[in-house]
Amino acid sequence: MKLPEVRGTLTADRPLADLTWLRVGGPAEWLFQPADAEDLSQFLAALDPAVPVFPMGVGSNLIVRDGGIRAVVIRLGRGFNAITVEGNRVTAGAAALDAHVARRAAEAGVDLTFLRTIPGAIGGAVRMNAGCYGTYVADHFVSAKAVARDGRVVTLTAEDLNFRYRQTDVPDGMVIIEATFEGERGDPAALEARMAEQLARRDASQPTKERSAGSTFRNPAGFSSTGREDDTHELKAWKLIDDAGMRGARLGGAQMSEKHSNFLINAGGATAADLEGLGEEVRKRVLQNSGISLEWEIMRVGEPAAD
């Protein structure tokens, strides 16, 4: 397959395991790392419309199956990680890490502290309507810029994205390149202190030192943990997994964390098949035990290894 000329980097059969937090998965048929938005736009405009495209962030919420991805995987890098603050508004490139955006905003006295403990980068946070402690991207979102599959640069509104719990309506093949958020004003020192408290709380309850991809399943309650004392746990994924006896369950090198049972971890030498297989076993046991069908929060893409 002949691909358009680029100024960035285009690599055939590029292994993806080292680009995901779970460190598993086969190769991308092609990996494209565009130099900038214009490079990306020109590439997509010239690429045969029949060729599938998969935008990949920092791989924090992703299982790439062992057979790899038959598509052009697009991964944004240095040309897409700028963060600027104007008044109450913060604009960040899609490759900027959520934690970096929270810290830069806090330094400027803008409260986007909810982003501090969310793993991953801004493009994925918008696509997934990421959130924690009862606050979501949707609550602070102003607009986003994206490159459509045909190469057009478009502006997306909240209406276009139709934010829901852990979901949006970003069309297939569209690549988000930056987003603008608005936050309340706050004292930088107080915002910094709040983020430090959130980090300590996260580290106490989640396996942050392990190879995980964040929460494995969506909460059937339809919202993330609020962190409040009166937060109920009956419809939280971790509680349903515990009740089904699957905390600490293992399959090959995959394990449901002993520390937080809604975290799927690569405990050493796991394959993508181990991780996905364990997740499906958890779903089966929870359904048998509670009648509730857990939905994956981690994206699973690509094809299984050939037998």
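1. K239 and D243 both sit in helix α7, which covers residues 237–243. They are 4 residues apart, so about one helical turn separates them. Their side chains meet in a salt bridge, at 3.1 Å from N to O. The model is predicted, so side-chain atom pairs count only at pLDDT 80 or more.

2. How exposed are the two partners? K239 has 24% relative accessibility and counts as partly exposed. D243 has 43% and is also classed as partly exposed. Both values fall between the limits, because buried means under 20% and exposed means over 50%.

3. How many salt bridges does a search of the whole structure find? The search finds 19. The next points take up some of them.

4. R89 pairs with E182 in a salt bridge. Their closest N and O atoms are 2.7 Å apart. R89 belongs to strand β7, residues 89–93. E182 belongs to strand β13, residues 175–182. The pair therefore ties together parts that are 93 residues apart in sequence.

5. Are R89 and E182 buried, exposed or partly exposed? R89 is partly exposed, at 40% relative accessibility. E182 is partly exposed too, at 36%.

6. R152 and D150 form another salt bridge through their side chains. The N to O distance is 2.9 Å. D150 has a relative accessible area of 44%, so it counts as partly exposed.

7. R7, D36 and E38 should be read together. Salt bridges link these residues in a network.

8. Strand β3 is joined to β5, residues 69–75, by 4 bridges. The two strands run parallel. Within this part, M56 stands opposite R75 of β5.

9. K239 and D243 lie within one helix, α7. R89 and E182 lie in strands β7 and β13.

Key
Residues are numbered from 1 along each chain as its sequence is written. This is a predicted model: local features need pLDDT of at least 70, side-chain atom pairs count only at pLDDT 80 or more; totals for chains, interfaces and linings use all residues. Side-chain values use heavy atoms; hydrogens and water are left out. Two strands pair if DSSP finds at least two bridges between them. A salt bridge is a side-chain nitrogen of Lys or Arg within 4 Å of a carboxyl oxygen of Asp or Glu. Buried means under 20% relative accessible area, exposed over 50%, partly exposed in between (1.4 Å probe, protein chains only).
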